Amino acid sequence: MTGGPAGGLKEAATGQPGRSDGGLNPAAIGRVARLHLVDRYSYTWLVWGVLMFAFAVNLVIFAVLPLTQPEGNYTGGLITIYLFLLVIGVQSATKFLPFALTLGVSRRTYYVGTVALVVGLCALYSVVLTVLWWIEGLTNGWGLQLHFFRVPWILDGPWYQVLLTNFVLLSVVFLFGLWSGLIYRRFGLVGAVVFFAALTLLLVGAAILITWAGAWPQAGRFLVDLNIVDASLLVALVAVVAEMTKAATRNPGRGLHHARPVRPGRAP
């Protein structure tokens with residue numbers, strides 16, 4: 001038996017050659033997640049190392065500078081963890097995918113295993129961020145009235161609201177990075193440029209439509225009246241609908257769906 005996550009992944013991929021990708025193998029999904037954790041530093045230590053470095057820099061800066069706002073200093077430094085997850089999402093679509101395909105793993109299995117891993121990590125990370133948010137409030141901003149983990153309106157309210165918002169935002173940011181990486185992997189640079197151009201045109205078109213209808217006051221009122229729990233659920237719903245649309249439009253015979261299994265005893 002081949003050792004390590006790669007060996008287990010190969011066993012899952014070649015144990016039933018020719019099996020349709022319609023039924024996902026839970027063992028293969030779990031081993032895809034383990035395959036990613038070969039590079040555990042990117043998914044764990046590096047994420048928190050970058051965030052803690054940004055936090056330490058902000059702590060030093062605002063320990064030296066005088067208080068500029070009566071309600072405290074808001075840094076915006078928490079965005080570093082979201083940007084880092086975006087980068088990891090793009091990387092996860094390119095770094096291990098070629099290796100997994102040589103082991104006969106379908107792209108769908110790779111995608112589901114990757115999402116399963118990151119959703120679990122995002123759940124854990126949201127708990128840690130919520131604990132740090134609570135400590136920050138308990139210590140009056142680390143004794144400096146510094147608001148690093150507390151963001152007005154977005155991460156403000158009861159703890160369960162902050163927990164939900166952290167989880168949804170972390171997951172959606174990673175998924176967007178993963179989708180972007182898959183588009184680049186499948187269609188190349190031109191496809192990625194077209195995708196982001198279409199996304200930009202969609203946003204600009206929506207803004208033009210609202211302007212033409214004179215509906216900015218209504219749109220502003222909707223956003224003001226929208227609480228963060230409703231906003232988090234709305235973002236999560238959009239992500240779920242996008243996933244369902246992506247699954248419904250798959251062509252099982254091409255592209256992102258099925259990789260030829262590796263026969264035992266033969267080189268991939």
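In what kind of crossing, right-handed or left-handed, does α3 pass α4? The crossing is right-handed. Keep in mind that what you're looking at is a predicted model.

**How α3 and α4 meet**
- The axes of these two helices, α3 and α4, come within 9 Å and cross at roughly 155°.
- An angle over 145 degrees counts as roughly antiparallel, and α3 and α4 are therefore roughly antiparallel to each other.
- On the α3 side, the residues that meet α4 are S42, Y43, L46, V47, W48, V50, L51 and A54.
- Their partners in α4 are T80, I81, F84, I88, Q91 and S92.

- As a bit of background, nonpolar side chains tend to be buried together in soluble globular proteins.
- Here, the largest nonpolar core has 36 residues, and those touching the most other members are W48, L51, L78, I81, L129, F149 and L170.
- Two or more residues each come from α3 (40-64), α4 (79-92), α6 (107-138) and α8 (159-213).
- Helix α6 gives the largest share of this core, with 10 residues.
- Apart from this core lies another one, made of nine residues, including V32, L35, A100 and L103.

**A helix with a buried face**
- Helix α2 covers residues 26-36, and its buried residues are A28, I29, V32, A33, L35 and H36.
- Seen down the axis of α2, those buried residues fall within an arc of 155°, so they line one face of the helix.

- You'll find S126 in helix α6, and at 2% relative accessibility S126 counts as buried.
- Leaving aside neighbours within four places in sequence, S126 is in contact with L163, N166, F167 and L170.

**Two residues with positive phi**
- N140 isn't a glycine, yet it has a positive phi of about 55°.
- N140 sits in the loop between α6 and α7 (141-145) and is partly exposed, with a relative accessible area of 47%.
- Q145 is another residue other than glycine with a positive phi, near 55°.
- Q145 belongs to helix α7 and is partly exposed, with a relative accessible area of 25%.

Definitions and conventions. Residues numbered from 1 in each chain as written. Predicted model: local features only at pLDDT ≥ 70, side-chain atom pairs only at ≥ 80, totals over all residues. Heavy atoms only, no water. Core = buried A, V, L, I, M, F, W, Y, C linked by side-chain atoms within 4.5 Å. Buried < 20%, exposed > 50% of the residue type's maximum accessible area, 1.4 Å probe, protein only. Helix = DSSP H or I, 4+ residues; strand = E, 2+ residues; numbered from the N terminus. Arc of directions from axis to C-beta. Axes fitted to C-alpha atoms, helices over the stretch in contact; angles between N-to-C directions. Parallel < 35°, antiparallel > 145°, perpendicular 65-115°, else oblique. Left-handed = near helix turned anticlockwise from the far one by under 90°. Contact = heavy atoms within 4.5 Å.
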